[in-house]
Amino acid sequence: MSVRARIIGCGSYLPERILTNAELATMVDTSDEWIVTRTGIRQRHIVAEGEKTSDLGFKAAEKALQHADIKARDIDLVLVATTTPDNTFPATATKVQAMLGMRDGAAFDIQAVCSGFVYGLAVADNFIKAGQARTVLLIGAEVFSCILDWKDRSTCVLFGDGAGAVVVRADGGHREGAPNNAPGILSTHLHSDGTLCDILYVDGGPSSTKTVGHVRMVGREVFRHAVINLAAIVDEALEANGLTRADIDWLVPHQANKRILASTARRLGLPYERIVITIDRHANTSAASIPLALDEAVRDGRIQSGHLILMEAMGGGLTWAAGLVRW
Ligand code: UT7
């Protein structure tokens, strides 16, 4: 029987600069009232000049290592989920690896846009179960501000920059197949539907335009798919573990729109207070949003040992994913 993978530490980092809705309203034809009502966003963090995805990821990683009480030399796999890498190559994961002073182990990036962190959790979980890694540093880091069209009010108000990280480690004490009240990653569930790639995408890239491009989104369509897909994947994750909606202690969702979060909670019959919400302060930080929210709720004591945590996300691709974790 393979070992179970367990999250043993987390950390996060947000750039210092805060951009409020009121400031945005001086840049494009929008208002604080529209943004708050339609999305729940009040502000977002934006990087300083020269601050890169690897810088954010490294700062979050340092805190996660400290929280897990391990050293960089203990890590054998570095994963960075990002849509906004420092460079087209090398992988931002290798940059963070270098910043951590590591010269060994493996490092690569994961591209599943806003679902990237949960996709990364699946990769970490499966590498550990397969015995190919023992301690994985998984980071979600984004400088989304660099791919926004700051003249397009339908997208530029929605996103922010930030990073979150977790350390996932093989837990020799609990084997795979252990009861679902034993700590660790219970399961991960990944989906994608590439036929929907043109409702949320970036209009540039190395092999198409040879430019970086900007985010384009048919918001209403993405919203519709998010509500349907997230409800389905939540049930899929619970059923796979013989659990019910009533067993969930905390929903730690990707933060795209407060109305999507409310709809998921309603469908789950979960009290709104059981959702970890950061969208009001962070906006949508894509692959960073779940680890940022997780770190906040762990550090302020909401998430306690033994709690059942459900993570879910949907993003460009379309990709959508869920992970169930017993803390
Ligand atoms: O993280 C990846 C997944 N992403 C998501 O899940 C995002 C999903 N989509 C959404 O969250 C929502 O669709 C948005 C927040 C993007 C948009 O909200 P909506 O209620 O779907 O608005 P809409 O796109 O239907 O636009 C309604 C109106 C339009 O005006 P008209 O055509 O009705 O006159 C837009 O032009 O709001 C207008 N509008 C704005 N007005 C003020 C769009 N953006 C803005 C803005 N400020 N920033």
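Student: How many salt bridges does the rule count here?
Tutor: A salt bridge is a side-chain nitrogen of Lys or Arg within 4 Å of a carboxyl oxygen of Asp or Glu. The model is predicted, so local features need pLDDT of at least 70 and side-chain atom pairs count only at pLDDT 80 or more, while totals for chains, interfaces and linings use all residues. Residues are numbered from 1 along each chain as its sequence is written, and side-chain values use heavy atoms, leaving out hydrogens and water. The number of salt bridges by this rule is 16.

Student: How many residues apart in sequence are the parts tied together by Asp-171 and Arg-6?
Tutor: Asp-171 and Arg-6 form a salt bridge, with their closest N and O atoms 3.3 Å apart. Asp-171 lies in strand 7 and Arg-6 in strand 1 (residues 3-13); helices (H or I, at least four residues) and strands (E, at least two) are DSSP runs, numbered from the N terminus. The pair therefore ties together parts whose separation in sequence, in residues, is 165.

Student: Is Asp-171 buried or exposed?
Tutor: Buried means under 20% relative accessible area, exposed over 50%, and partly exposed in between (1.4 Å probe, protein chains only). The relative accessibility of Asp-171 is 13%, so Asp-171 counts as buried.

Student: In which element does Arg-216 lie?
Tutor: The side chains of Arg-216 and Asp-203 meet in a salt bridge at 2.9 Å, N to O. Asp-203 is in the loop between strand 9 (200-202) and strand 10 (215-217), 13 residues from Arg-216, which lies in strand 10.

Student: Which residue has a ring with the charged end of Arg-274 over it?
Tutor: A charge sits over a ring if NZ of Lys or CZ of Arg is within 6 Å of the ring centre and within 35 degrees of the ring normal. The charged end of Arg-302 sits 6.0 Å from the centre of the ring of Trp-250. Arg-302 is also linked in a network of salt bridges with Asp-280, Arg-281, Glu-296 and Asp-300. The charged end of Arg-274, 4.6 Å from the ring centre, sits over the ring of Trp-250.

Student: How many aromatic pairs does the structure hold?
Tutor: Rings of Phe, Tyr and Trp (its six-membered ring) pair if their centres lie within 6.5 Å; planes under 30 degrees apart count as stacked, over 60 as edge-to-face and the rest as tilted. By that rule, the number of aromatic pairs is two.

Student: How are the rings of Phe-108 and Phe-127 described, stacked or tilted?
Tutor: A pair of aromatic rings is described by the distance of the centres and the angle of the planes. For Phe-108 and Phe-127, the centres are 6.2 Å apart and the planes stand at 45°, so the pair is tilted.

Student: How are the rings of Phe-144 and Phe-159 described, stacked or tilted?
Tutor: Phe-144 is buried at 3% relative accessible area, and Phe-159 counts as buried at 4%. Their ring centres are 4.6 Å apart and their planes lie at 25°, so the pair is stacked.

Student: Which residues does Thr-30 touch?
Tutor: Thr-30 lies in the loop between helix 1 (21-24) and helix 2 (32-39). Contact means heavy atoms within 4.5 Å. Not counting residues up to four places away in sequence, Thr-30 touches Leu-24, Ala-25, Ile-35 and Val-157.
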